[in-house]
Each structure stands twice: as structure tokens, then as C-alpha cells.
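I opened this notebook to keep track of what I looked up, entry by entry. The sequence and the model come before the notes.

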Amino acid sequence: MTPNLILLSSLLVACSGPAFAQEEATPGFNTPIPKSIMTADEVDTSIGTLRFFDGMPDEASVEMLYDNLDLIRGTEVFLNFIPMASLEGLRIGMESRGCTEPNECLMFKQLLDSNPLFLTGNTDTVYASVMMDLEANGPMVVEVPPKCGPGTVNDPFFRFVIDMGGPGPDRGQGGKYLILPPDQMTDIDAPIGGKPVEIDGEQYFAVRSPGYMNWLILRGLLVDGRPDAPVEMFEKGLKVYPFADRADPAAMKFIDASGMAFNTIHANDSKFFDEIHDVLQREPVGLIDPELRGLAASIGLQKGKPFAPDARMETILDDSVAIGNATARAIFLRPRDPAAFLYEGQQWYTPFVGGDYRWLIADGLGGRNLDARTLFFYCATVNTPAIVLKIPGVGSQYALVSTDSEGRFLDGSKEYTLRIPGDVPAKNFWSFVVYDPQTRSELQTGQPLPSKNSVRDSMKENSDGSITLHFGPKAPTGPEAVNWIQTVPGKGWFALLRLYGPLEPWFEKTWRPGDIELVK
């Protein structure tokens, strides 16, 4: 016998021993079946006990499972489509104030007060807002005046299209922007973020949007704490018109919305799905990817088809939007991601978790940070890379707070203080604005502007240069009253600290605000 045959014979003998005895066949099968791929006849789950005959669900289980699947899908549609519904809410709100044409600009000439419902708007800059319908009007031209503050165009899914003004390609010098729809003037190379082009001897910053309805939002910086100069800048220099009308554009109309009561916020009930349906019908099918389209279609939201849920589905969607809304509130007001918090051991967190305007983790290697996107768009608007720029003296930075130093939600019936250390690292100014957790808009109190602004407002400083802000239903007695922001008994509140032109100590975290302290 050859050596190879001897070795093979030895292996066969060894493998036939007790240690290599063949496993018995699983009952009902000819061979052993891994338990991990089998389904028991009864399975206890959070939605109830599911029953099977040889892996086949019984009728009651099938009904239960499809109800649960539709509930999950409806909840996911709410959480994932908040950006779309939010921009649609803005469009509807502007329409209610008579802004439907591209030359009709909604402006807050006396700043944004607490009457309009507007997600965490600031009380520090003059807003100029225009809705541009690229399907109805074709390519649009925006002429931005010199010295314009930060401006942005967002698409129907609230994605970044282009910046204007200070952070835009005109760098605050003013210029003409050409906003192209997805299906016109397709010979022009116009990537997201913009590219200089020359057309008929005119220079433009051209950009192509993925969708038709685009929101232009510009901010004018106050001069000496007053809005007069930015209002004049917009009224004299801002122009928005169809490219086809460039030879003789219509005159701009500036509609002052200061003090007006109207809503720009998406629904948190079943009307949310109607808002999404309307957008899907209006926009090109390629606005969102097949994955999102499929998610929407799974609950009956599809371009070219009516949205007509039956009684069973209406009940499930009512439940799913309630769960989705509650989940968004948990993500926004009680973030669980450690990366959200700005300082170890403190309550302040960022509304822009991850620092990516596309909401990508590690530039996409980790996928999309869905909770970070939900947190931002449930409480805020305007999507731009400029919001996370870490360039000292440029742009703005934000810090959210919803709890006191002990981690308790802020109560409008109680009194609190907040110490803002001296030498706030803001080249331009800082502000502190109080908001309503229900509407995520400015808190409506006896103060039209529920805020303090370091340029606009006179505040009492402490001996070390710090400022102590006071919060509560009643003003403190004495000189501290000028540092008071009113709150409402029976209501909660949260707040945003903004630094305009943030400097190195902010980014290095060598300067930081105190926590909000309950006055006992």
C-alpha cells in the first residue's frame, strides 16, 4: 500500500469514531436542520402571540403582521419625510400671506416676532423669503445686493442647492444667480453649490435644482441693532424674476409679515400625508430615490395616483403619525446620541449633529444619520453647509438647550437663571431666543421678541463682565429686570444660543455658557 493510501485509510477510520458520529435528522426532515432557521408554532412578540402551522402564519397572525407592517411604514414615512412636509408648510404659509409669484417677497421688516409660527426663527436678522416655482416660471434669476447676509436656496426635500451673500460664491459682493429646473437649459453645467457661467454677455452663478419648488431665504444683518438698513438693502437691491423676463422683469413686491399671525409649519396629524401627496404629485419623480419612493408607495403615496386610504388604513396612519410625531419630539428634546452634546457634563447640544449638511456619517461610509436629520428638521429650517463652517469670524453657530442643570425639562411656571460668561467669542453679536416646545416657534408672551440680543438690548453686566439672564413668569425686581425673558405658567420652553461671527474660543470650547439653573 502506498503512503498516500495509508494516510487516507487512517483518516477514514478516525472520522468514523464517536466524535464524528452523524447528527440525527430533524423530525419531519431527512437531514439535520439548523434550529436558527426554523419558526416555532407559537412566537411571543411585542405585538402579541403569533401562531404558525409548520412555519405558515395563521389568518389572525397574518392580519396582525400586516397591520404592524403598515404601522411601521407609516411611522417611517413621517420621520423620513419631515423635510419635505416642512418646506411644503412654508409654501402654504407664504401663500396665505399672498406670496405666490417670484416677485413677491415675504419680509419681516420689524424682525420676526412671536405671532407667526416659524420653526426656531431668529429675532436678530431681517428675513427676506421667496418661493420659486421652476415648473411654472422656468429658470429663475436672483439678483442679490452687496452686503447681503447669509442666504440659501433649498429644494423641495429641503436639501441644499446654493448659498448666496456672505457664504455664497458672491462672497457678499452681490451678483446674479441662475436657478435651473432639472429639465430645462440642460446644456449648462450647473452643479449643486453653483458654477460661474456667461450667457449673452451676462455673468451668473448657475445651479440646477433636483426639483421645481425652491425656497430662497436671505438674511439682512442689523446695523446698530436696527433693521432699517437691511430692509432698505433688500427693497433697493433684491430682484427675483424668470430668466425669460430678464429684459423687462416685473417690479418686486415686499410684503411685511412682522406682527402677522400665520402658520408655516407642517402638520403633525394625518394631514401630514396629504402634504406629502401634494408634493409628490407636483415634483419630478426623480426628486427622491427609489428607496424613499418605495417607502411612500407602501402606504399609498405615489406620483400619478390618488391617495385614498380605506378605513382600516386611515386608523393605522392616524396611529403611525402619532407615534412618528412623538418619536421626533423625543429625538429633538431628549437626544440620546453622545455626539449631540457640546460639553461633557452639561445640557447644551447641537441642532446639527454630525456636521454634514447631507446628514452623512463619515462622508457616507456610515450611511445617513437619520435621527440627526429628524432632530434638525423637526425644529429648524434652512439647510446649508455654512451652518457647520468652522471659520473664525464667519457665519454663525448654535447651541440648543431644553433642560436645566439637573436634566429636567424647563417649566414656564418656574424661575431660572443662566450665566453668560464675559468676552463672548462673537465678532458680530450673540443672542438668546426662547421657544415654545409645541410649535417650535418663538414663545408667545407679553414680550413680542422673547429674546436678548447683545447689540439690540441693553443688559446689566456683573462685575466680572458676565451677564445673568433671568427667566420666569414675572420680572425680577431691581436692575436685573432688563435681563429678563418672560415665560408662561403651564407651558414648557426651550432655547437657542446663537453666536454671529464665532471666534476661536467657541470652537476650542475654552469659552462655554453655564447651564440653566432653577431658582429654589
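I took helices (H or I, at least four residues) and strands (E, at least two) as DSSP runs, numbered from the N terminus. With that in hand I placed Lys147 in the loop between β6 (140–144) and β7 (151–154).

Ground rules. The model is predicted, so I kept in mind that local features need pLDDT of at least 70 and side-chain atom pairs count only at pLDDT 80 or more, while totals for chains, interfaces and linings use all residues. Residues are numbered from 1 along each chain as its sequence is written, and side-chain values use heavy atoms, with hydrogens and water left out.

Entry on two lysines. I noted that Lys147 has a positive phi of about 65 degrees although it is not a glycine. Most residues other than glycine have a negative phi. For accessibility I used these classes: buried is under 20% relative accessible area, exposed over 50%, and partly exposed in between (1.4 Å probe, protein chains only). Lys147 is exposed, at a relative accessible area of 74%. Lys509 also has a positive phi, near 65 degrees; I found Lys509 in the loop between α10 (504–508) and β23 (517–518), and at 36% relative accessibility it counts as partly exposed.

Entry on the whole chain. I counted 10 helices and 23 strands, and buried residues make up 50% of the 520 residues. The C-alpha trace spans about 100 × 65 × 60 Å along its principal axes. Taking contact as heavy atoms within 4.5 Å, I found that residues 24 or more positions apart account for 72% of the contacts with a separation of 6 or more.

Entry on the cores. I call a nonpolar core a set of buried Ala, Val, Leu, Ile, Met, Phe, Trp, Tyr and Cys residues joined through side-chain atoms within 4.5 Å. The largest one has 65 residues, of which Phe81, Met84, Trp215, Phe272, Phe273 and Leu301 touch the most other members. Its largest share, seven residues, comes from helix α8 (residues 311–333). Apart from this core lies another of 30 residues, including Val126 and Ile179.

Entry on aromatic rings. Rings of Phe, Tyr and Trp (its six-membered ring) pair if their centres lie within 6.5 Å, with planes under 30 degrees apart counted as stacked, over 60 as edge-to-face and the rest as tilted. The structure holds 26 such pairs. I looked up Tyr416 and Trp493, an edge-to-face pair at 5.8 Å centre to centre with 80 degrees between the planes. Tyr416 lies in strand β17 (residues 416–420) and Trp493 in strand β22, so the pair ties together parts that are 77 residues apart in sequence. Both residues are buried.

Entry on Thr264. Is Thr264 buried or exposed? With a relative accessible area of 4%, Thr264 is buried, and I found it in the loop between β14 (253–256) and α6. A polar atom of its side chain lies 2.7 Å from the backbone oxygen of Leu117. Beyond neighbours within four places in sequence, Thr264 is in contact with residues including Ser86, Gly89 and Phe118.

How values were computed
Polar contact = N/O pair within 3.5 Å; in protein donor to acceptor, adjacent residues only side chain to side chain.
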